[in-house]
Amino acid sequence: MERGADRLNRRADGGDWPGGARAAVSITIDNLGEAAEIELGLRDPDAVPGGHYSVTTALPIVLATLADAGLSATFFVEGVNAEIYPQALHEIGAAGHELGYHAWCHEDWASLDEAAEIANLDRGLAAMRALGIDVLGMRPPGGRLTEKTLGLLAGRGLRYCSPAGSAAGIDQVAVVPFAWPAVDAFHILPAFAPLRKRLTGDGEPGGPDAVRAALLESVERALDGGAHATLVLHTWLIELARDAVHDVLARVGEAAEAGELWVAPCYEAVAWMTSADRQGIGALPVGAPPVLDHTSWTAPA
């Protein structure tokens, strides 16, 4: 018997996605401000937060690039940004993009104990909701979840989670995973060498050219298989990979304009895939658990 997750990943010859599209893509943007630098100890603890490059320079480029392509995205941001950069979060929302949760200060989510996970989630959601942001989804830094995460999200009214994995499904909330090769940083940062070695056999970074090739491949694979693809970009990498991102978004926009591809923020894709009248390709019925990647991205190959 074919599982719901299998139906999500097989060919949609009938164009079963919204508007008769053959496949679907969600563009996602991770990280904002100095949160990750603070968590990794890369910032002077006495430095006054604010004025970070990713907000003052990179974010306007990202927003303009998406606007030029006519595409909406999901921005997974750390909760601390609700305190440091509230105006930036409002600008993202005003531009028509979704805001999701990405931990309080980019903590490695799978390493949190139960009390810390609850405190982190509640603090961040409260800060974002205090700004009037309706948070519906979460992406864990590091890509991995704890055994409690999905239940905690469901209990706080979130609709979905987007960790690392290979097949979507439902486990208390909808789970729409991303694949590491569809992440821009995977092809650029030295820290991803173990993961690159494990997944591709070569730990060397491929740079922007590899970003372009891998993300375009994800789009074409979705079109060939009638699937939903999640693309992962990082705000602070936009200048380095600007040409590659432009080419990827141009292809996505072209396919959307042709009616071949449905492009939707994560919350919209999840709402459609879990709607009560959905059946067949694209549906996420209860009983089709997701397939997740539980291996740390820093583990040796």
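At 3% relative accessibility, Cys266 counts as buried in the predicted model. The cysteine sulfur closest to that of Cys266 belongs to Cys161, at a distance of 10 Å, which is too far for a bond. Cys105 is itself buried, its relative accessible area being 8%. With a disulfide requiring a pair of cysteine sulfur atoms within 2.5 Å, the count for the model comes to zero disulfides.

With regard to the fold as a whole, the protein contains eleven helices and eleven strands. Its radius of gyration is 18 Å, close to the 19 Å given by the globule rule for 301 residues, and the protein is therefore as compact as a globular protein of that length. Along the principal axes, the C-alpha atoms occupy a box of roughly 60 × 40 × 40 Å. Among contacts in the protein with a separation of 6 or more, 71% are between residues 24 or more positions apart.

Burial and surface composition were also computed. Of the 301 residues, 52% count as buried. As for charge, the protein carries 40 negative and 21 positive side chains. The centres of these two sets lie 6 Å apart.

Definitions and conventions
Residues numbered from 1 in each chain as written. Predicted model: local features only at pLDDT ≥ 70, side-chain atom pairs only at ≥ 80, totals over all residues. Heavy atoms only, no water. Buried < 20%, exposed > 50% of the residue type's maximum accessible area, 1.4 Å probe, protein only. Helix = DSSP H or I, 4+ residues; strand = E, 2+ residues; numbered from the N terminus. Rg over C-alpha atoms; globule rule 2.2 N^0.38 Å. Contact = heavy atoms within 4.5 Å. Lys, Arg positive; Asp, Glu negative; His and termini not counted. Charge placed at Lys NZ, Arg CZ, Asp CG, Glu CD.
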